[in-house]
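Let's take a look at how the side chains pair up in this one. Have the sequence and the model open side by side as you read.

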Amino acid sequence: MTNQALLDSFPFPLRDDIYRFSNNSIPLVPPCSIDVTSTYVEEVKSKRDLLSSHPNRCYQSTPHTMTAQWEIVDLVAHHLATYFPDQFHLEKHGNRWTIGNEPLGERVSFTFGDSSTLPQEPLDFIGRHVQEDLILMMQRDGNLFLDAGQLCFPANWSLAFDLGMTFKEIHKPIPGFQDHGLDDRILNFLMRLEAGQPWGRRNWSMMAGSRLDTSLETFDEWGKARHQVTMENVGELVHLRVEVQKLFRLPRSHGIFFTIHSHMLPLHLLKHKPEWLQRFYLVLSELPHSIADYKGIGLYRNTAVEYLKRLLDESR
């Protein structure tokens, strides 16, 4: 991908000059759960390699999620065919479905609702045709539980560790998340999601390095780069990482389907987007230490701020 293409497709996440944790979800338009970018083939192949090499790290499910998993297959297969008709096709003859995947040169047939006709569980199967990580939270007893997921590109968290946890348990480490009832407000928002009315949000962090697979289990492989950031390499080494997250209520199971599409942009490219450069510099400069540490950028935040300031001065 060229730098210009990378900039054109990058979902810059910040709408203000100050950042705090909040429910920044907005109605999703168009109501599509997935996206297909120019890095589709590369990223889907990477997902499949990770699923093959680390199946328990990248896929987890509980038995009562099968109905919801088939709902997700239904939703994603129709979105692929509807929003990307030149690349994906869906043929249906009764319960016999065939998905055509042109970028990968594949045609896969199965009986909808019959897991024995698929090579993997339904969620794991459809996740191997999209760039997104796919998370399923089931609602019961007035709460939401992470009960299934295909997670290949996590930003410093573990699906295997979090499986079965409630929404609040998963997010408890976030600084300030419980202040002024923010956790309750976001949980209530999620519990009130309605089928057919999806929402989307953008979350951001920074990464020393460019790998998408930053699971807790592989921290020893990528975490050391945080100590290697200098003024000489920060522009190339450090990336702004953005997750485009989309939320769908599943009408039959009443579960919540959560997709995560991760994007990376090296800091040096911000010089081509002055309004992004200015805003990110202001946000990063003011960011409280507790949030910086939670996002794992405390070790090199000052170097990044100094670098962004230099880019700003050069652009004036």
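## Ground rules

This is a predicted model, so to speak of local features a pLDDT of at least 70 is needed, side-chain atom pairs count only at pLDDT 80 or more, and totals for chains, interfaces and linings use all residues. Residues are numbered from 1 along each chain as its sequence is written, and side-chain values use heavy atoms, with hydrogens and water left out.

## Salt bridges

Side chains of opposite charge can pair when their charged atoms come close. Here the count is 12 salt bridges, the rule being a side-chain nitrogen of Lys or Arg within 4 Å of a carboxyl oxygen of Asp or Glu. One of them joins R57 to D213, with 3.2 Å between the closest N and O atoms. That pair links distant parts of the chain: R57 belongs to helix α3 (residues 55-58), while D213 is in the loop between β8 (199-208) and α9 (219-222), 156 residues apart. Helices (H or I, at least four residues) and strands (E, at least two) are DSSP runs, numbered from the N terminus. Both partners, R57 and D213, are buried; buried means under 20% relative accessible area, exposed over 50%, and partly exposed in between (1.4 Å probe, protein chains only).

D213 has another partner too: its side chain meets that of R211 in a salt bridge, at 3.2 Å from N to O. D213 counts as buried because its relative accessibility is 8%, whereas R211 comes in at 28% and is partly exposed. Shared partners join R57, R211, D213 and E221 into one salt-bridge network. Elsewhere, R140 bridges to D147, with the closest N and O atoms 2.6 Å apart. R140 is partly exposed at 32% relative accessibility, but D147 is buried at 1%.

## Aromatic pairs

How many aromatic pairs are there? The count is 15, where rings of Phe, Tyr and Trp (its six-membered ring) pair if their centres lie within 6.5 Å, and planes under 30 degrees apart are stacked, over 60 edge-to-face and the rest tilted. Among them, F189 and W199 are edge-to-face, 5.0 Å centre to centre with 90 degrees between the planes. F189 lies in helix α8 (residues 182-191) and W199 in strand β8, so this pair ties together parts 10 residues apart in sequence. F189 is buried at 12% relative accessibility, and W199 is partly exposed at 25%.

F248 and F257 make a tilted pair, 6.5 Å centre to centre and 45 degrees between the planes. F248 is buried with a relative accessible area of 7%, and F257 is buried at 0%. There's also a cluster: ring pairs link Y19, F21, W204, F280 and Y294.

## Charges over rings

W204 turns up again here, with the charged end of K295 over its ring, 4.5 Å from the centre. A charge sits over a ring if NZ of Lys or CZ of Arg is within 6 Å of the ring centre and within 35 degrees of the ring normal. The charged end of K273 likewise sits over the ring of W276, 5.0 Å from its centre.

## Helix α11

W276 brings us to α11, where W276, L277, F280, Y281, V283 and L284 are buried. The buried residues of this helix pack against α1 (3-9), β8, β9 (238-249), β10 (256-266) and α13 (301-315), with contact meaning heavy atoms within 4.5 Å.
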